[in-house]
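Welcome! Have the 3D view open and follow along.

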Amino acid sequence: MRGFFGVYLEWGNGTMIESDVFVQALQDIGVDFYTGVPDSILGGIIAELMERRLYTPAVREDEAVAMAAGAYMSGKVPAVLMQNSGLGTSLNTLISLNMIYCQPCILIVSWRGYQGKDAPEHLVMGEVMPQFLDTMKIPHRTLSEKTAIEDLKWLAETFMKQRIPVALLITKGVVKGLHP
Amino acid sequence: MRPEEGTMQSRAMAMAALLELLTDQPVIICNGFPSREAYKIADRPTHFYMIGSMGNAPAIALGVAVAKPNKQVVVFDGDGNVLMGMGTLATVGALKPKNFIHVVFDNEVYGTTGNQPTISNVVPLEKVAKAAGYVNVERVREREDLVYEFKDMLKKDGPSMLLVKVNEMVEDVGRVMLDPPDITKRFMKAIE
């Protein structure tokens, strides 16, 4: 198994992040419960999580967020994977469960519609997502190959400190998918 | 469901009967009157009272059940709640957690918002759960049957759904007098 610094060395050169390295890094920062609803950008990560038997699939993003809340209260550090359209689906749960009850959760969100280059159904959410997250007071950061190690450290620290959902956004091509 | 339609038992009466049979099991209680009634009948640190996120009670319980496989997890839910989060019946049915008991108090109305009808009078929710993969499902109306079936489910491997038909009578209850972050902390400590 590659450790945190092994990951660092590999990430320093700015090339596409391998899914197994990304999953290992999440495990290294302590994430031990994974659920969500798939997206193509997250395909490689979910395949790796399933390979490691770590993934509990949900049928809707609000359900995934609620499962993560239950896992958190049972002592786990949960992550929910979703396409950004799922932020719309899970909005009420994020607000009236996580925010109200001080229950943190790591959101791994694929940024569909990034820079206006995607299918029509993704363009509006793709454009407004950062403001949408700001309005909901959900801290967020976009993963990049060069800053990946800081991004994950920030994720872990914000999760521990703020006790609310925190989002790591992933654009196409940063983490290797199923079909590179 | 109106009492004259044949259900003499209120949700609070049914809930009180079930709470007598429970000790330190985690209980996730859906938003609205069910949480307020449970809080009034018997407040325990193992209770997680919801005030929002309607439809999510079984999903929260599923997270607990997966993370704590040695604890039997109970959900107190309503018909409107189950209809709103019906997809979770499929998630539970597919995952088949043995330690999962889903109680649905079915009064056929959205009681907290003024008794607007749901559609559970024509959609048998326990049959939906059975089709989705719940291992044991029962529909009960009388108190003796409720107690008998719940005791049985406590002994069996789940997932189980106990649907209890109740009337639309509501207890005179106030809000849950605990801050939500304190409910989280207390519940976490209690199920550690």
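Predicted model: local features only at pLDDT ≥ 70, side-chain atom pairs only at ≥ 80, totals over all residues.

In chain B, the axes of helix H1 (residues 11-21) and helix H2 (residues 33-41) come within 10 Å and cross at roughly 50°.

- The crossing of H1(B) and H2(B) has a right-handed sense.
- On the H1(B) side, the contact is made by B:Arg11, B:Ala12, B:Met15, B:Ala16 and B:Leu19.
- H2(B) contributes B:Pro34, B:Glu37, B:Ala38 and B:Ile41 to the contact.
- Sorted by class, the residues in this contact are 7 nonpolar and 2 charged, with no polar ones.

**The sheet**

- Chain B also has an open sheet of 6 strands, and reading across it gives the order E2-E1-E3-E4-E8-E7.
- The pairing in this sheet is parallel.
- Strands of a sheet pair through backbone hydrogen bonds, in either a parallel or an antiparallel way.
- Which strands stand at the edges? They are E2 (47-49) and E7 (136-140) of chain B; each has a single partner strand, so one side of each is left without a neighbour in the sheet.
- On average, neighbouring strands of this sheet are turned by 15° against each other, direction ignored.

**A closer look at one strand pair**

- Strand E1 (residues 27-29) of chain B pairs with E2(B) in the parallel sense, over 3 bridges.
- To find a spot in this pair, look for B:Ile29, which stands opposite B:Tyr49 in E2(B).

Definitions and conventions
Residues numbered from 1 in each chain as written. Chains lettered and ligands numbered in written order. Axes fitted to C-alpha atoms, helices over the stretch in contact; angles between N-to-C directions. Helix = DSSP H or I, 4+ residues; strand = E, 2+ residues; numbered from the N terminus. Left-handed = near helix turned anticlockwise from the far one by under 90°. Contact = placed C-beta atoms within 7 Å. Nonpolar A, V, L, I, M, F, W, Y, C, P; charged D, E, K, R; others polar. Pairing = 2+ DSSP bridges.
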